[in-house]
Each structure stands twice: as structure tokens, then as C-alpha cells.
Amino acid sequence: MTDFIIFSVTTIAIWSVLGISLHLQFGLTGLVNFGQVLPFAVGAYGAGFAAVHGLPIWAGALIGCGLAPLIGVLVILPAGRLTQDYWALVTLGAGEIFRLAMLNISGIAGGVEGASVVRLGDRTLAMVLALVLLTGTALFAFRMDRSPLGRLLRVLREDETLAATLGRNPLRFQLVVTAVSWVMAGLAGVLYAHVTGYVSPSSFMVIETFVIWTAVVLGGPNTIAGVVLGTAVVQLTGVSTRFIAQWSHLPSELVANLRLAAFGAVLVLVFLFRPQGVIPEPKRRYNADSR
Amino acid sequence: MKLGFSVLAAVCAMVAFSALSPGAVRADEPPVSVGVIANLTGSDPKSSVDMVHGVEMAADALNAAGGVKGRKIALIVEDSEYRPQAGIEAATKLFDVNKVDAAIVFGGSSVSIPIAELAAPKGKILMNTSASSAKLGNYGGTLFSTLPLDDIVGQQVGFYAASKGAKTAAFIVPNNTFGTGLMESAAKAFEEKGGKVLRKIAYTEGQPDYRADLQALVALKPDAIISAGYGDDTRTAFKAARELGIDAPWYVGYPSIFSVENDAWMNGKLSGVDNGGLDSPMGQKLKAAAVAKYSAEPRPHFYYGYDAMMLLGLAMQKAGTGVAAIKAALPDVAKSYDGATGKIEWDARGQRINPPMDKFMFKDGKLQAIAN
């Protein structure tokens with residue numbers, strides 16, 4: 001049981017990092033990124049590329065985390081002048097383009113066959129690394145949230161024109177947020193690759209993006225605690241329903257579908273009765289006179 | 001029918017056990033848990049559910065014959081959702097919470113390989129019933145396959161197409177490990193027999209239309225189309241070929257998992273190489289029992305699942321439930337086991353070699369065996 005708890009904590013921590021990355025983009029800045037799986041995949045493929053080409057682990061991490069923000073900037077530049085609806089479509093498409101490219105270009109990390117990556121045999125170490133990464137990204141996001149930059153990003157989220165009238169270039173700040181948050185997701189991808197020991201295109205389907213979105217929206221996209229809580233709820237719902245399924249003694253295929261239905265029911269209930277998420281963004285008051 | 005099968009299955013299991021040490025199930029003994037990981041939701045759940053049914057039927061037969069060393073076999077079935085992450089979660093639960101020594105796995109290589117990565121250092125056993133990537137051979141001592149890998153089936157398909165007089169061929173396969181793996185080995189075999197490969201098309205799964213992919217074949221006019229695939233995608237590919245007026249015969253790997261789109265157009269046009277031995281008396285009985293119990297004819301993975309569970313049960317019966325002992329006993333019991341998919345012969349890695357293969361043709365609305 002201990003190993004299973006360690007595995008669950010590791011999973012929650014990695015997915016929470018992805019959630020915090022999305023929190024910075026969507027919760028704080030208002031960027032609707034439907035391709036959140038892309039920086040995650042880039043990070044993992046950095047590790048896969050290193051493994052296939054005989055490079056050390058740190059080189060794979062460097063490649064993954066270095067390429068993730070670069071690709072983010074490349075995606076955002078042509079989409080920068082578009083409204084958020086189109087931004088969602090562009091990022092969704094970019095994620096799929098990357099996955100299909102990895103599927104068809106075998107020279108990078110095995111193509112359709114995927115690539116074996118050095119697996120972290122010590123599961124406790126994997127959990128500690130995931131928790132360290134989560135703590136680091138949470139602290140960074142917290143500092144960012146509380147900084148003048150964070151306040152400006154909120155203005156950007158509410159009204160880009162208003163931000164522009166304050167003499168700020170919205171695209172510049174969107175680029176900064178994208179680069180920073182995609183590094184986080186890239187790091188999560190590198191760690192994920194070494195936790196599972198294998199990288200393949202099917203690990204980075206669109207559905208993974210929506211698992212992250214579900215967690216973020218469920219917990220509350222505007223708070224870090226909400227994102228972590230949402231991720232824990234989503235992941236633990238998946239895990240706990242396995243035990244309920246086992247004890248129910250119903251036919252396995254029925255139970256499998258009921259599991260997903262139960263998962264969906266939890267989400268629908270939250271969206272109906274708590275649309276702002278479990279932990280909504282607190283209202284903040286600033287005393288202008290004290291400045 | 002159901003009762004008849006139960007009796008037959010129990011008799012078969014008892015005969016198999018007779019050389020070992022038969023005994024009645026003891027109520028005071030805890031059951032032996034065996035894990036099953038299958039994509040009961042997600043992509044292509046039908047074959048997966050069939051595999052689970054095959055495992056259930058084998059476990060029932062083993063239990064009816066006295067269980068394993070007097071202990072009942074209890075199955076714990078987990079859904080992999082055809083996602084690596086969910087597959088790892090399922091395997092972690094089975095190994096760490098349920099403490100199973102062995103799990104029977106259905107799923108593509110993208111799910112099976114991460115599970116094997118997890119199982120190998122823990123010393124667990126995996127019975128592979130569906131994945132066919134050559135990479136699976138890297139997990140010798142952990143992963144045993146009841147189905148042959150792509151290279152064997154692909155080679156047979158390539159030879160078969162050449163034997164039908166095709167001089168040129170185009171390949172249409174899904175862009176996944178199964179499709180491309182089978183394509184490469186079939187192409188090699190086809191060329192070995194003097195055939196010429198005109199085009200290799202690996203389509204992205206789940207598309208609503210494949211006319212754009214198949215368009216090139218209109219001008220190429222191949223003598224044959226060599227293919228692999230399953231489910232709705234194959235139906236869509238057939239529809240695209242029919243609408244484009246491509247009339248070449250289709251020679252495929254595993255025709256039983258293809259979905260025919262238009263019976264009249266496909267009549268006599270689809271044939272290929274599939275699992276052999278399923279029309280044996282045992283295969284026929286199993287099929288009848290499956291129809292009676294689940295109200296549908298089982299797909300080939302039903303039989304692979306059945307054989308996987310039977311082999312595990314026999315190994316446990318011979319060596320006890322210690323994982324090292326089971327691993328050591330598996331190759332031995334396989335030697336004397338005449339399974340639902342024929343004799344099971346493993347190479348040193350635990351990968352199936354020399355499997356019986358049958359040829360089938362789609363005729364009069366259904367697949368019919370044409371020759372062995």
C-alpha cells in the first residue's frame with residue numbers, strides 16, 4: 001500500500017505542476033491554452049531524445065526545458081494578435097502537430113514505437129523530486145501572483161485594452177508568462193518520462209490536456225491551492241473508483257464505464273454548484289492612499 | 001450449452017492437472033489473486049472485453065477443476081483506458097495493493113511497455129495477449145506472450161499475398177506500432193518473393209475519411225492491397241477504397257478484427273492470415289460457450305486471454321504461487337499445453353514462435369476458413 005500511496009502522491013505532484021503552469025496562463029493572465037499537453041510532451045521528449053541518442057539525463061532535461069518555452073514563444077507569436085477563442089484553437093492544434101510529428105519522425109525518440117528512458121527505480125526519490133518540483137513551482141507562482149507583475153497580469157486577464165492604455169504591451173507579458181509556465185510544464189514532462197521509463201506519442205493525447213483543465217477548473221483556476229486541490233481530487237477520484245469497482249463485484253466492463261460516469265458526475269455537480277471552483281479567487285483590497 | 005461447456009472445461013482442466021496434484025478447492029484458503037489489465041474504455045474496447053471474457057472462462061474452468069493447489073483463482077480486473085498513465089496506475093494498484101504475482105495484459109505497446117517497465121524490477125509476471133511490438137522482447141523473464149509478434153504474422157501475410165499472384169502491392173495500415181510493425185515484416189516477405197511495394201500508407205487513426213490517404217492508389221493500380229487494422233477505421237478505409245473505385249483484393253493480417261463496410265463489394269475481396277487452431281474441437285467448444293454466456297461470437301483475443309490464464313494456472317499448480325517458481329514453470333507447462341490457439345512455443349525471451357495460422361476469406365457475409 002505504501003508504494004501505491006507514493007505513486008499517487010508522485011502523480012498528483014506532477015499533474016499539479018501542470019495545473020500551476022495553466023493557472024499562470026489562464027487563471028492569472030487569461031490565456032486559454034488548450035494545448036497544455038504540448039510543453040509537457042516537449043519536456044518528456046527531451047528525455048526521450050537524450051535516451052535514444054546516448055546523452056546524459058541532465059542533457060535531456062536541459063533540452064526539454066529549453067525547447068518548451070521556445071516552442072511556446074513560436075506558438076504565441078502568430079497567435080498574439082488573435083482573440084482568446086483562436087488562441088485556444090491554435091494551441092490545441094500545436095499540441096496535436098507536435099504529437100503527430102513525434103509519431104512520424106522516428107529519429108527523434110523512436111517514432112510510433114516510442115523510446116525507453118532511464119526509469120527512476122527508487123520510487124521514494126521520484127516522489128521527493130516531484131514534491132520538490134511542485135514546491136518550487138508553487139512558490140514561484142505565488143511570488144509572481146503577489147508581485148506587481150501579477151497585478152498587471154490580472155489587468156491583462158480582465159481587459160487587454162486597459163492594460164495597453166497603461167502603457168503596457170500585452171503581447172510582451174503574454175510571452176513572458178508563456179515562457180515561464182512552459183518551462184514548468186517541461187520540467188514536469190522530464191520528470192514524468194523518468195518516472196514511467198517510457199515516452200510515446202500516445203502519452204500525450206488531447207485528453208491529457210483536458211485532465212489538466214478539469215483539475216484546474218474544478219479546484220479554482222485563480223488560486224494555486226485550488227489547482228493543487230483540484231488535481232488531487234481528479235487523480236484520487238480515478239484511483240478511489242478502482243477500489244470501489246473491485247468491491248462492487250459487478251461485470252468489469254460495466255464497472256469501467258460506471259467509473260468514468262462517476263468521474264463525470266463529480267465534475268457536473270461541481271460545475272453546477274461551484275462554478276468558480278472549490279477555492280475561488282479572494283477579493284483583494286488595496287489602500288491607494290497608503291502608497 | 002453453458003452447462004455442457006462447464007463440464008467440458010472442468011474435464012479439460014482436470015486432465016491437464018492430472019499430472020500435477022489435483023485437489024478440491026479449500027474454503028479456508030484465501031484465493032490466489034490474478035490481475036487483468038485491459039482497456040475496457042477508450043480505444044477498441046470490444047477486443048479487450050473479449051480478452052477479459054476469455055480469462056474469466058479459463059479461471060472458471062480452473063476453479064471447477066479444484067483451483068490452484070486447492071485455492072480458488074480470483075480475478076481483479078482493472079481498466080487501462082488505453083492510456084499509459086491509467087495503465088501504470090492499474091498495474092501499481094495490482095502489484096502494490098492487491099499483491100498479485102501476475103497480471104494478464106491487453107493493450108497496445110504504448111500501454112504494455114510502461115507496465116512492463118514497472119513489473120520487471122518488482123519481479124512480477126505479465127502475460128501479454130495483444131501487444132506485438134518487437135520491443136516487448138526486451139522484457140524476457142517478465143513478459144510472456146500468447147500471441148505472436150508482428151514479424152511472424154507480417155511475414156505470413158507477405159507470403160500469402162505473393163502466393164496469390166500479386167506482383168505489386170500497396171500497404172494501408174494504422175500509424176501505430178501494430179500497423180507499421182506488421183507492414184514492415186509483410187513488405188520484406190513480399191519483396192523476398194519477388195513482389196514490388198508501390199506505396200506504404202500509414203494513416204492517422206480515428207479519421208472520418210481516408211480518401212485523401214488512398215487517392216494515390218487510384219493511379220498506381222496495385223495488384224493487391226496489404227493491410228492491418230481494426231474496428232471502425234478499417235470500415236472507413238474500405239469505404240474510401242470503394243468510393244474511389246479501387247478494386248484490388250485486400251490481403252490482411254488478422255481479418256477477424258476488420259469491420260466490413262459493404263458485404264456485397266467485399267465478397268471474396270478480403271482475405272488474410274489469422275490465428276490458427278480456433279476451429280479445433282476445443283476452440284469450437286469455447287466459442288459455443290462464449291456465445292452462450294456473453295451472447296456474441298468471441299474475437300481472437302478471447303482465446304489469447306483464455307490461454308494466458310490457463311498457462312498461469314497450470315504453472316501455479318505445478319510450482320506453487322511464488323513468483324520465481326511460476327516464472328520457472330511457465331515454459332515447462334507451455335510445452336505440454338495444447339491451447340485454444342494451438343500449441344504454444346516460446347523462444348528464450350518468452351515470445352511466441354511457430355504459432356498455427358489459418359487463412360480466411362470474407363464470403364457470403366462472413367469470414368470463412370479457406371486453408372491452413
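Reader: What does Glu281(A) form a salt bridge with?
Author: Glu281(A) pairs with Arg157(A), and their closest N and O atoms are 3.0 Å apart. A salt bridge here means a side-chain nitrogen of Lys or Arg within 4 Å of a carboxyl oxygen of Asp or Glu. This is a predicted model, where local features need pLDDT of at least 70, side-chain atom pairs count only at pLDDT 80 or more, and totals for chains, interfaces and linings use all residues. Side-chain values use heavy atoms, without hydrogens and water, residues are numbered from 1 along each chain as its sequence is written, and chains are lettered from A and ligands numbered from 1 in the order in which they are written.

Reader: Where do Glu281(A) and Arg157(A) lie?
Author: Glu281(A) is in the segment after α12 (252–273) of chain A and Arg157(A) is in helix α7 (residues 148–158), so the pair ties together parts 124 residues apart in sequence. Helices are DSSP runs of H or I with at least four residues, numbered from the N terminus.

Reader: Glu281(A): buried, partly exposed or exposed?
Author: Partly exposed, at 26% relative accessible area. Buried is under 20%, exposed over 50%, and partly exposed in between (1.4 Å probe, protein chains only). Arg157(A) is partly exposed too, at 21%.

Reader: Switching to chain B, what about Glu243(B) and Lys239(B)?
Author: Their side chains form a salt bridge, 3.4 Å from N to O. Both sit in helix α8 (residues 231–244) of chain B, four residues apart, about one turn of the helix.

Reader: And how many salt bridges over all chains?
Author: The search of the whole structure finds 26.

Key: Helices (H or I, at least four residues) and strands (E, at least two) are DSSP runs, numbered from the N terminus.
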